[in-house]
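Hi everyone, thanks for coming.

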Amino acid sequence: MGCLACSVLSSVEQYLARRLGFDTIWFGYLQTTVGVIQLLGGPIYGRFADVFGARAALSVSCLASVVYFLLLAVADNTFMLFVHKLPAVFMHVLPGAQMVVADLSENEKRADALGKLGLCFGIGMIAGSSLGGTLSTRFGEKFAASFAAVGSFVSLLLVLNFIPKQTKIHTVPESNKKGSSNSVFNLGEITRLMKFPGVAKTFTVKIISGLPAGIFQVMFSIIAINFFQLKAEQNGYLMAYFGIVQMVIQGAVIGRLTSRFSESSLLMLSVGISSLVGLAQAMMTNVFHFCLIVIPMMFSLSVFNVITDSMLTKSVSPSDTGTMLGLCASVQSLLRTVGPTIGGFLYEAYGVPSFGYIQCIINAAVFSFLLNTGGRSQPNRP
């Protein structure tokens, strides 16, 4: 339900912003605002989950989503459109769900479990995107935002009723055993995870390789309207297509791949395919071409995100997986923060093909780096 509500939002917000007179640059500022807010909130949210439990953290996310969508429903000017972004500091529904899965899954099955979670979010994307486009077209953006608020409230009730209050097997954080502070705002307890073996390297790859795709995703709403000339309902169907592809890949493909190949090999595969996807994006001229590109694009994105999240949570103790997933969420927020500014400039100055060329070059460089280092990852922590 949480993903369904967020997908409804993605089909609503860009059209509401356009109706209020936002151009590409100002829409980029709007996206940057939510990126900064979630960048600051992600690590603290993860630490909150380790201290108070994943269910409490996920409940906070659902409640923040309710407020977020209600503010969007009443937004009728530029100021309110920015104000409604404030609750996004706590809106980390996907990381919250990943924290529950990471707590309840075994190390060797974690990547598959995270992939199956993506299956559920894919279903939400299909329903939410199609529904959001239809509701916006027939009843207006405010009604669609209100509908998303109701969906988020239902999600809150489901979390409180079906997720155990305590999901961690190891309930005492490793940091507490060393006499460290148990405060949610203890930045030292957040940044110390970067010192674990293999974490810094994987994070660097996650940021650099994910930057081009993050820019394209942030700018896609503008590309859909201006480059592909799609209406709200058509854009909703395209997002639903994304969801179908993601659902198949994360639900039926990733589990089989992780049972046969090492995570380091799959990481290299996803980066290599991402480079080729960038080249294809640079050469596309219409929405049909893009629909063909979506399959390898979603494959590379899904495998890359699942594998890097799995590798990073395995690199720390079980009591710190929430904080680590919060840091992973902050990476996505970082991409959304710098993406609109870079993307807006590239779009206005060089057009849509520039996104593809940059993705191709950067991921080719990352692939060469992983190949030269053998794609080795450090041994998992117990």
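Let me start with a term: two directions count as roughly antiparallel when the angle is over 145 degrees. Angles here run from 0 to 180 degrees between N-to-C directions, using axes fitted to C-alpha atoms, for helices over the stretch in contact.

This is a predicted model, where local features need pLDDT of at least 70, side-chain atom pairs need 80 or more, and totals for chains, interfaces and linings use all residues. Residues are numbered from 1 along each chain as its sequence is written, and side-chain values use heavy atoms, without hydrogens and water.

Overall, the protein has 16 helices and zero strands (DSSP runs, H or I of at least four residues for helices, E of at least two for strands, numbered from the N terminus). Of its 382 residues, 57% are buried, meaning under 20% relative accessible area with a 1.4 Å probe, protein chains only.

Now our pair. The axes of α11, residues 199-227, and α16, residues 353-372, come within 10 Å and cross at roughly 165°. Therefore α11 and α16 are roughly antiparallel to each other.

Which residues in α11 meet α16? Among them are Val-205, Ile-208, Phe-216 and Ile-223, and the α16 side includes Phe-355, Ile-362 and Leu-370. Contact means heavy atoms within 4.5 Å.

Finally, an unreviewed UniProt entry places a "transmembrane region" at several spans, including residues 203-225. In the model, residues 203-225 are 100% helix, with end C-alpha atoms 33 Å apart.

Key. Parallel < 35°, antiparallel > 145°, perpendicular 65-115°, else oblique. UniProt positions renumbered as here; feature names shortened; annotations may be inferred. Buried < 20%, exposed > 50% of the residue type's maximum accessible area, 1.4 Å probe, protein only.
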